[in-house]
Amino acid sequence: MCMKFKECLRVSLGAFMFLLMAQLTAVAGGPTTSLQTEFLMTLYASLDPPQIADANSLIFNVTAGWVEGPRIKGKILPPSGDWGRVMPGGVFRLDVRGTIQTDDGELIFISYNGARLCPKETQERFVKGEVLKADECYFLTAPTFQTKSEKYAWLNAIQAIGKMVEQKRGEGSFVKYDIFAVK
């Protein structure tokens, strides 16, 4: 309880300012929540050379691959593929769909979109067949999963994010991601 008018005014004004600043932060685009992630798996996919549909559209057949994480291990089955589109400014937009067969025989459909952008010099090295690493390009994906398996049903409720670990074009072409469940 306030003993003096000035003390009450100062406390009330302080509380008002705190609430006002909290409201302004939310209105001004400041975060009101946060995200955490948990490692889900690493995904590795071997790729055929692209089929070039037009100047901006490429289709990659996934010939083989695997996934491995703390709660899941399996292989990528055909047909699986990546339908990509080169956007203005050089951004490559992914549209990937595939099937994972777990080591205990369950099937999981994985699909994701994503964006890949590399600096010009890095892209030139990629075209020549060099292996690129995670810190050389912006390359993120947003996987979701579908399965009828009771054991892996928890995947149906996961929104994941993936980050490229390595990728290579040409002979021995592949892409490797680490995938994290968003919490």
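Predicted model: local features only at pLDDT ≥ 70, side-chain atom pairs only at ≥ 80, totals over all residues.
Is threonine 141 buried or exposed?

View 1. Threonine 141 turns out to be buried, because its relative accessible area is 5% and the cut-off for buried is under 20%. Look for this residue in strand 8, which covers residues 138-146. Setting aside neighbours within four places in sequence, threonine 141 still has contacts with Tyr112, Asn113 and Gly114, with Ala160, Ile161 and Gly162, and with Tyr177.

View 2. Side chains of opposite charge can pair when their charged atoms come close. The model has 7 salt bridges in total, and one of them joins aspartate 104 to lysine 151, with 2.7 Å between the closest N and O atoms. Aspartate 104 sits in the loop between strand 5 (92-102) and strand 6 (107-117), while lysine 151 sits in the loop between strand 8 and strand 9 (160-168), so this pair ties together parts 47 residues apart in sequence. How accessible are the two partners? Aspartate 104 is partly exposed, at 35% relative accessibility, whereas lysine 151 is exposed, with a relative accessible area of 52%.

**View 3. Helix meets loop: arginine 125 and glutamate 136.** Here the side chains of arginine 125 and glutamate 136 form a salt bridge, at 2.7 Å from N to O. Arginine 125 belongs to helix 2 (residues 120-127), and glutamate 136 to the loop between strand 7 (132-133) and strand 8; the two are 11 residues apart, and the pair links distant parts of the chain. Arginine 125 counts as partly exposed, at 27% relative accessibility.

**View 4. Strand to strand: glutamate 166 and lysine 133.** In this close-up, a salt bridge brings together the side chains of glutamate 166 and lysine 133, with an N to O distance of 2.3 Å. Glutamate 166 is part of strand 9 and lysine 133 part of strand 7, so the pair ties together parts that lie 33 residues apart in sequence. Which of these counts as buried, and which as partly exposed? Glutamate 166 is the buried one, because its relative accessibility of 18% falls under the 20% cut-off. Lysine 133, at 39% relative accessibility, counts as partly exposed.

Note on methods: Residues numbered from 1 in each chain as written. Heavy atoms only, no water. Helix = DSSP H or I, 4+ residues; strand = E, 2+ residues; numbered from the N terminus. Buried < 20%, exposed > 50% of the residue type's maximum accessible area, 1.4 Å probe, protein only. Contact = heavy atoms within 4.5 Å. Salt bridge = Lys/Arg side-chain N within 4 Å of Asp/Glu carboxyl O.
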